[in-house]
Amino acid sequence: MKTVLSGIRPTGNLHLGNYFGAMVNFLKMQEIHRCFFFIADWHSLTTHPDPKMLHVNVTGVLSEYLACGLDPQKATLYVQSEVPEIAELYLLLNMHAYLGELEKTVSFKEKARQNPQNINAGLLTYPVLMATDILIHNADFVPVGKDQEQHLEMTRNFAARFNYKYGVEYFKMPTAYIYGEKDLIKIPGLDGSRKMGKSDGNCIYLIDEPKIVEKKIKSALTDNGPTGENTPKPECIENLFTILRAVSEPEVVKHYETLWDSGEQRWYGSLKKQLAEDVIKLTTPIRERINNIKNDTKYLAEIVESGTVKARTNASKTLKDVREIMGFKSFS
Ligand code: TRP
């Protein structure tokens, strides 16, 4: 059995892109691997979030994860800031992370350029904190998107450097979780863009009320209709079909494919109505669960408590080993 670990920053709500891109796969992973899923609230501090919102956001993301079906009996779900062992290992690993390599990190350079008034040390050492998250559980696989690949590569560098420096083979080299081709469904935006998630206008959130879903899909970008039989679809139409394929029955998809190929006009209204209906069918039970869980502070406290115990038990073993390897000795 392999150890899989993933962190999510508590910013924003889950949308259909997150659901089909990550969540659906997390649900499969928790059945076959030893999984750690956590909320990276310390990572979110680089941008100085409003203290009044931090807990609300963490609770929101946690509720959404649970509502989607992440199962605390199967996976270890926890909140990063509840595990102080991570902070200590981060301190230790920071001694082996060099300014030059941190400054060269693409994500750092990008954030520093966007926010020149807030280039803080936490931003610089963001990759060390992420490496700590991964190494503290000695994860084999990390499901990451393209934007996080460099961080994973740096994690391997830090791990290898540590092993070499202390003459041990302690840390494993974590790699990206490789998805099956069918597992990687990329949900495009409603505005004709390749990816859902850039702005509210192209995004359907799991917590969107049915009225909102209808409105968003109704105003999704379309063209003027097919220009003949069997013509290729423009991107905005292909996008709607991609979402349809993810949420609707195969016969429904086939029906609209046939309409497109026939070159007939004036059925986009019906397509959008059907798409909205099927999206709502998928999201309604999830939305209801999110709202129930969010308000159930007792249940949430229980989940976080038991996840914390599991995460800390494992993390403290690693930390104990690392302290020993680095030469710390207990006085008692
Ligand atoms: N940096 C990741 C992101 O922005 C979040 C994250 C923090 C993470 N720690 C991690 C992802 C460890 C995977 C493993 O999406």
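User: Which side chain has an N or O atom 2.7 Å from an oxygen atom of the ligand?

Analyst: That is the side chain of Arg9, whose N or O atom sits 2.7 Å from the ligand oxygen, and the pair falls within the 3.5 Å limit between N or O atoms for a polar contact. Please keep in mind that this is a predicted model, in which local features need pLDDT of at least 70 and side-chain atom pairs count only at pLDDT 80 or more, while totals for chains, interfaces and linings use all residues. Residues are numbered from 1 along each chain as its sequence is written, and side-chain values use heavy atoms, with hydrogens and water left out.

User: And what about a nitrogen atom of the ligand, which side chain has an N or O atom 2.7 Å from it?

Analyst: Asp133 has a side-chain N or O atom at 2.7 Å from a ligand nitrogen, and a polar side-chain atom of Tyr126 is found 2.8 Å from a nitrogen atom of the ligand.

User: How much of the ligand does the protein bury?

Analyst: The protein buries 92% of the 370 Å² that the ligand exposes when taken alone, with areas from the Shrake-Rupley method and a 1.4 Å probe.

User: Changing topic, how many cavities of 30 Å³ or more does a search of the whole structure find?

Analyst: The search finds two. A cavity is a set of points, on a 1 Å grid over the protein atoms alone, where a 1.4 Å probe fits but cannot get out, and lining residues have an atom within 4 Å of a point; points are joined across faces, edges and corners, and the volume is the space filled by probe spheres set on them.

User: What lines the largest cavity?

Analyst: Its lining consists of Thr46, Thr47, Lys111, Asn115, Asn118 and Leu123, and about 50 Å³ of space lies inside the largest cavity.

User: And which residues line the second largest cavity?

Analyst: Phe37, Phe38, Ile39, Leu62, Tyr65, Leu77 and Tyr78 line that one, which holds about 30 Å³ of space. Strand S2 (34–39), helix H2 and strand S3 (76–79) each supply at least two residues of this lining, and the largest share, three residues, comes from S2. Phe38 also belongs to the residues that surround the ligand.

User: How much space lies in the second largest pocket?

Analyst: About 290 Å³ lies in the second largest pocket, where a pocket is an open set of points with protein on both sides within 12 Å along at least five of seven lines. It is lined by 14 residues, and the closest to its centre are His55, Val58, Thr59, Val79 and Val304. Helix H2 (51–68) and helix H13 (297–326) each give two or more residues to the lining, with H2 giving the most, at five residues.

User: Where is Asn138 found, and is it buried or exposed?

Analyst: Asn138 is in the loop between H7 and strand S4 (141–142), and it counts as buried because its relative accessibility is 14%; buried means under 20%, exposed over 50%, and partly exposed in between, with a 1.4 Å probe and protein chains only. Asn138 has a positive phi of about 45 degrees although it is not a glycine. Most residues other than glycine have a negative phi.

User: Which residue is 35 residues from Asn138 along the chain, with C-alpha atoms 8.3 Å apart?

Analyst: That is Met173, in the loop between helix H8 (149–166) and strand S5 (175–176); Met173 counts as partly exposed because its relative accessible area is 37%.

User: What phi does Asn230 have?

Analyst: Asn230 has a positive phi of about 50 degrees, again without being a glycine, and it is found in the loop between helix H9 (210–218) and helix H10 (235–247). Asn230 counts as exposed, because its relative accessibility is 56%.

Conventions. Near = heavy atom within 4 Å. Polar contact = N/O pair within 3.5 Å; in protein donor to acceptor, adjacent residues only side chain to side chain. Helix = DSSP H or I, 4+ residues; strand = E, 2+ residues; numbered from the N terminus.
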